[in-house]
Amino acid sequence: MIYLELFFAYLQIGLFSIGGGHASIPVAQSVVVDAMGWLNLKEFTDMITISEMTPGPFSVNSATYVGLKMAGILGGIISTLGFLLPSVAVCLSIYLLIRKFKNARMVDGFMQGIRPAVSGVISSAGLTILIFAVFGANTFSAFKTAFSFDWINLILGVGTFVLIRKTKVNPILMILLTGIVGGAIYYLLSFV
C-alpha cells in the first residue's frame with residue numbers, strides 16, 4: 001500500500017511541479033507534509049538541504065529521499081519513478097511530434113522562436129544566482145542595500161568566468177578550485 005501511495009503522491013508532485021526543481025517545493029510540502037504526514041516541517045527542510053547537497057537534480061533527490069525514508073530502497077525507486085514519469089511522457093510526446101512534423105514550416109518557426117525564450121530562462125536563472133551570491137538576496141531590491149554586497153563572491157565569479165573563457169579550462173575543475181579558494185578565504189575571514 002505504501003508503494004502505491006508513494007508512486008501516486010510523487011506522480012502528482014511531478015505532474016504539477018511546473019518550472020523546475022525548486023518549483024516542486026510547495027507542491028511537495030503540501031503532499032508530503034500536509035496531506036500525507038510522512039515528514040514534519042523540520043524533516044522537510046532537512047530533506048531540502050540534503051537534496052541540495054547531493055549530486056543530481058534537486059527534486060529527484062527529494063523524491064528518492066522520502067521514498068527511502070518511508071519504504072526503503074524499493075520505496076525510493078518507486079517515488080523517483082512516479083516523479084519522473086510525467087516529465088518523460090511530456091518530453092517523449094513532444095519529441096515524437098517534432099520528429100513527425102520536423103519539415104513543417106510551423107514547427108520550424110516554433111523551434112526558431114523558442115530559442116530566445118530558452119536563452120531568457122537560462123539568463124534569468126543565472127542572474128538570480130548572481131544576485132543572490134553577490135547581494136545575499138534573490139531580488140533586485142538587494143541593490144538598495146549596499147552593505148550586503150559581497151566583493152569576494154563577485155571577484156571569484158568574474159575571475160572564474162574570465163579564466164574559463166580565456167584558457168578553456170574544464171568548468172568542473174574551476175568549480176572545485178573556486179570552492180577551495182572561496183572556502184579558504186571565508187575560513188580565514190572568520191578569524192578577523
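1. Ground rules. Residues are numbered from 1 along each chain as its sequence is written. Because the model is predicted, local features need pLDDT of at least 70 and side-chain atom pairs count only at pLDDT 80 or more, while totals for chains, interfaces and linings use all residues.

2. Overall make-up. The chain has seven helices and zero strands. Helices (H or I, at least four residues) and strands (E, at least two) are DSSP runs, numbered from the N terminus. Of the 192 residues, 23% are buried. Buried means under 20% relative accessible area, exposed over 50%, partly exposed in between (1.4 Å probe, protein chains only).

3. Length of helix 1. Helix 1 covers residues 2–16. The end C-alpha atoms are 21 Å apart, which agrees.

4. Two faces. Leu6, Ala9, Tyr10, Ile13 and Gly14 are the buried residues of helix 1. They fall within an arc of 135° seen down the axis, so they line one face. That arc uses directions from the helix axis to the C-beta atoms. The face turned away carries exposed Leu4 and Phe16.

5. Partner helix. Helix 2 (24–35) and helix 4 (58–100) are among what covers the buried residues of helix 1. Helix 1 and helix 2 pack at about 155°, axes 9 Å apart. Axes are lines fitted to C-alpha atoms, for helices over the stretch in contact (heavy atoms within 4.5 Å), and angles run from 0 to 180 degrees between N-to-C directions.

Note on methods
Side-chain values use heavy atoms; hydrogens and water are left out. The expected span of a helix is 1.5 Å times one less than its number of residues.
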